[in-house]
Amino acid sequence: MTKRQRLHLSLALIAVAAIVLALALPFTAQPALAQETSAVNSYQGDYYDNLNTDLDGEEFRAQLAKLITDTHTTWTVYRGSSSLSLNNVWPLSDVGDVHNPNDNTMKWFYTGTVVPSDNFGGNAGQTNREHVWAKSGTSTFGASWAEAGPGADAHHLRPTEVRLNADRGDLGFGEVAQTKSNIVAQNGSKSYGSTPDELCYKGANLFYPAKGYRGATARILFYMQVRWGDACSLDFTDGPTKGDGKLIGKISDLMKWHLQEPPTEEEIYRNNIIAGIQGNRNPFIDHPEYAEMIYCHNNASYSATLQQTVLTYGSYLYTEADRPTALTLSAASLQLQVGQSSAKITVTPTPAQALSRVQWSTSDATVATVSDGVVTAVAAGTATITATSVVDNTVTASLTVTVAVDTSPFVQAVQQIEQKTALYDKYYAINEAIEEYNKLPQSAQATVAQHYATLQQAIEDYNAQAAQLNADLHTATGYAAGWTAAAAAAMLAVVAVVTGKGIWR
Amino acid sequence: MKKISVIVFAILMCALLCLAGCSNTLSYSQLNKALGLPYSKLQLNVSVKKSGVTLNGSYAIAYNGDNATVQYTYDRLNTLSVDGTNADAPLGHVTGTVQVNNGAVTGDVQPDLDLSFVNYEGFRFDKGFFAEVEATKTTFKAKVTDPKGFLNNSDFACSDMSVEATVNGKALSKLTFTFTLPDSASVSVNYAFTLAQ
């Protein structure tokens with residue numbers, strides 16, 4: 001190869017490397033979007049056809065709950081005959097946990113360890129049935145449903161090693177430091193995985209499954225909360241939990257796992273098997289995006305956190321085509337009076353076909369709040385209203401809102417006083433002006449000093465007239481009663497003190 | 001005979017004059033005596049009107065020897081303050097009951113209202129105090145030309161005073177007088193008397 005040929009070859013290699021790098025770079029710093037795996041949105045049936053997917057939050061959850069409850073036509077039982085015909089969930093191999101039907105092995109949940117599928121029992125090293133949403137005796141589902149209904153729902157019963165199951169107990173789920181002391185032993189061993197992510201960990205209140213079972217755990221819990229949440233008061237929290245069977249945390253970790261680990265072929269296989277037995281499906285395996293639609297928008301205390309989680313770890317709802325490069329708001333700034341609301345601020349994405357859906361936030365909620373693009377002035381000051389793309393939280397647009405205090409009601413009330421001639425009318429007009437004045441923030445009161453002086457003069461004038469009339473009645477009564485002048489004068493002196501006005505002059 | 005006729009005429013004239021002296025109209029003496037009778041109840045209403053506003057006071061006094069019970073209610077215009085909580089309406093009312101025992105007052109005593117006595121006995125009906133007198137057997141109506149004298153109060157300052165009294169037998173049943181205060185407030189005072197049985 002000549003020197004020239006070597007030079008051309010070098011340039012060609014550099015060009016190829018540059019092209020490869022250019023193709024890879026644009027999205028390396030951006031949040032991940034839906035991974036196009038074969039397992040995501042693979043369901044092709046008509047089970048969900050009647051759902052209104054324009055809804056979100058609690059409204060969407062309610063109709064999904066109705067669907068998976070109405071179609072839950074066969075309730076399995078937890079004990080009894082090993083015959084599947086009696087709907088017993090004891091032979092877990094029959095509800096889709098068989099790993100390899102050819103050699104009769106299965107995988108333990110949480111770890112993925114392959115074991116014989118017929119070694120059920122209550123001893124260490126044997127397989128038992130883990131309630132992923134811990135039943136905590138009878139406290140979670142109640143005595144009548146501990147071994148039926150939610151206590152026997154195959155969607156959340158998974159095979160685990162007896163001692164590992166006991167160690168998980170009623171801990172919530174969340175990320176725990178992957179230290180040696182936190183490793184949860186399986187059949188007494190802490191070396192069932194070759195890398196840290198292939199092991200389970202636990203802290204004081206949380207259990208951290210091995211990689212590959214975290215997303216599946218989350219989807220089981222989402223199913224349980226929708227299917228049995230209303231009947232058994234099951235709910236999520238974003239804190240660690242232990243011992244409270246009805247409340248499981250932490251949902252931000254669960255959502256993260258759900259986004260990081262899309263539904264697996266094993267989950268889909270098992271979902272189809274259980275649907276054939278129970279009649280209902282786990283919708284979060286068939287439609288992973290439903291978890292975002294519900295839990296990011298149900299106005300729970302954790303919803304905003306979950307929206308950030310989705311922005312950080314990717315979304316099942318959005319694709320790359322939804323990602324805007326910029327957002328433009330319909331207003332660059334707003335001038336509002338306290339209590340006033342703006343017209344809805346519209347968002348235009350660039351490119352135009354990108355998604356315009358944003359999260360709204362305010363830099364100072366004591367000055368202005370924002371909801372669904374409508375800005376409401378709270379108090380005098382300045383705040384920045386920001387729209388953040390739900391697809392990419394690095395894409396934002398902002399406007400400044402300046403909130404002023406409307407002093408016109410007070411000014412108009414003072415002007416009304418001057419138009420009143422009758423004493424009673426003056427009283428009402430002055431009182432109205434006083435009320436308007438006291439509504440003004442202190443900073444605004446300083447701006448209406450001239451009108452305030454007018455108000456004070458009106459108060460003085462009215463009080464003097466009122467005091468004179470009160471004194472007239474007193475004087476007349478004194479004359480009628482024949483009081484002596486000295487006594488009357490003494491009494492009027494008291495009146496003067498009481499009213500603050502000298503009226504015997 | 002002529003002398004007898006003159007005497008008879010003189011007697012007739014005297015009789016006529018006596019009849020005239022005992023005429024069918026109230027005398028000042030009767031009115032003053034009526035003021036001094038022991039009444040068991042007195043209803044006193046005082047009304048002041050100025051600038052389109054009328055304030056009323058009402059006092060029901062029941063006497064029992066040297067003691068008395070006074071039920072009262074009178075209007076009070078509320079004042080305004082920019083700092084305080086003001087009443088919704090301008091007109092307020094002060095209501096209460098006091099007991100007067102030998103001049104000592106107990107009960108709902110108000111600082112600007114002396115209910116220890118109502119001294120109408122000091123009023124004096126005198127020919128020199130009145131003008132445009134219209135009197136009947138039961139009523140007396142006149143302009144008061146000397147209000148200070150009539151009310152026996154040298155500090156009394158008013159104008160356009162008039163009085164109207166109604167008697168029932170020897171006792172007063174009603175006494176009304178009206179006057180105008182120096183600040184042009186119109187005053188109407190009404191007494192209704194009930195004589196002790």
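User: What percentage of the 505 residues in chain A is buried?

Analyst: The model is predicted. A residue is buried if 20 or more other C-beta atoms lie within 10 Å of its own. In chain A, which has 505 residues, the buried share is 41%.

User: How many helices and strands does chain A have, and what share of its contacts between residues at least 6 apart joins residues at least 24 apart?

Analyst: The count for chain A is 14 helices and 18 strands. Taking contacts in chain A between residues at least 6 apart in sequence, the share that joins residues at least 24 apart is 64%.

User: At what angle do helix H11 and helix H13 of chain A cross, and is the crossing left-handed or right-handed?

Analyst: Helix H11 of chain A covers residues 423-439 and helix H13 of chain A covers residues 449-481. Their axes come within 10 Å and cross at roughly 145 degrees. The crossing of H11(A) and H13(A) is left-handed.

User: How do the residues of the contact of H11(A) with H13(A) divide by class?

Analyst: H11(A) contributes A:Leu423, A:Lys426, A:Tyr427, A:Ile430, A:Ala433 and A:Tyr437. H13(A) contributes A:Tyr452, A:Leu455, A:Ala458, A:Ile459, A:Tyr462 and A:Gln465. By class, these residues are ten nonpolar, one polar and one charged.

User: Which elements of chain B give two or more residues to the side that touches chain A, and what classes of residue does that side have?

Analyst: The contact joins 34 residues of chain B to 36 residues of chain A. On the chain B side, the elements giving two or more residues are strands E1 (39-50), E2 (53-64), E3 (67-77) and E10 (186-195). The classes on that side of chain B are 19 nonpolar, eight polar and seven charged residues.

Notes. Residues numbered from 1 in each chain as written. Chains lettered and ligands numbered in written order. Predicted model: local features only at pLDDT ≥ 70, side-chain atom pairs only at ≥ 80, totals over all residues. Axes fitted to C-alpha atoms, helices over the stretch in contact; angles between N-to-C directions. Helix = DSSP H or I, 4+ residues; strand = E, 2+ residues; numbered from the N terminus. Left-handed = near helix turned anticlockwise from the far one by under 90°. Contact = placed C-beta atoms within 7 Å. Nonpolar A, V, L, I, M, F, W, Y, C, P; charged D, E, K, R; others polar. Buried ≥ 20, exposed ≤ 12 C-beta atoms within 10 Å, placed from the backbone.
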